[in-house]
Amino acid sequence: MKENKNFTGYSISTKLYDWLLKNISKNQTILEIGSGTGTIELANNFNVISIDHNPEWINLTDKCNYILAKLKNNWYDITILKNELPKYNYNVIIVDAPNGSKPRYGFIDNLHLFDLSNVNYIIVDDTNRETEKKIVRYLNNNTEFKTLMTQKTNKEFTILKKQ
Ligand SMILES: C[S@@+](CC[C@H](N)C(=O)[O-])C[C@H]1O[C@@H](n2cnc3c(N)ncnc32)[C@H](O)[C@@H]1O
């Protein structure tokens, strides 16, 4: 198979991409937290909304709706997300940013910003890390999303399904 340069050490893994292709229909919308070259591949197959703080990683494809939200208090500026997120309807959320030494707990701390009524899956990337495992535990214990599977590779991810 020809190597696809959009899948890198930073992007979602090809295993996650393959899972999405098999399990999510093309008319569904993915809300991705953390843009990159993987977003280009997602947007070739699904409707995609992607949030990022860094202009360098947005607008890599015109098939995606990007939300540029600067970082504030270790997560995204929630004033921007409060304005932007209600414009969209989405079925899958992928938690894959922000990067850096700070955990991605902003997602669970601000879960109320997301309309989960049409969301069937929440996917947490990098769950080989303790901080991401904690996000998965929180979702299992406090929401109707429960772990469906964890893909154990060096780029581990966990898929939670709405019960
Ligand atoms: C894990 S990456 C997100 C990757 C994205 N979900 C994808 O599949 O391409 C987390 C953050 O790193 C930054 N980033 C994305 N691609 C990058 C790259 N190739 N090199 C350095 N930083 C990158 C972006 O600001 C992004 O929010």
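**Exercise 1. Which residues of helix H5 are exposed on its other side, and which are buried?**

On the other side of H5, Glu130, Arg137, Asn141 and Asn142 are exposed. The buried residues of this helix are Glu132, Ile135, Val136 and Leu139. A residue counts as buried if 20 or more other C-beta atoms, placed from the backbone, lie within 10 Å of its own, as exposed if 12 or fewer do, and as partly exposed in between. Helices (H or I, at least four residues) and strands (E, at least two) are DSSP runs, numbered from the N terminus.

The model is predicted: local features need pLDDT of at least 70 and side-chain atom pairs count only at pLDDT 80 or more, while totals for chains, interfaces and linings use all residues. Residues are numbered from 1 along each chain as its sequence is written.

**Exercise 2. Find the arc within which the buried residues of H5 fall, and name the elements they pack against**.

Step 1. The buried residues of H5 include Ile135 and Leu139. Seen down the helix axis, the buried residues of H5 fall within an arc of 95°, so they line one face of the helix. The arc is that of the directions from the helix axis to the C-beta atoms.

Step 2. An α-helix has 3.6 residues a turn, so residues three or four places apart point the same way.

Step 3. The buried residues of H5 pack against strand S6 (92-95), helix H4 (106-109), strand S7 (121-125), S8 and strand S9 (157-162). Two residues are in contact if their C-beta atoms, placed from the backbone, lie within 7 Å.

**Exercise 3. In what order do the 7 strands of the open sheet lie, and which are the edge strands?**

Step 1. The order is S3-S2-S1-S6-S7-S9-S8, with mixed pairing. Two strands pair if DSSP finds at least two bridges between them.

Step 2. Strand S3 (64-68) and strand S8 (145-151) are the edge strands, as each pairs on one side only.

Step 3. S2 (residues 47-52) pairs with S3 in the parallel sense over 5 bridges. Aspartate 52 stands opposite leucine 68 in S3.

**Exercise 4. How many helices and strands does the chain have, and how much of the chain is buried?**

The chain has 5 helices and 9 strands. Buried residues make up 35% of its 163 residues.
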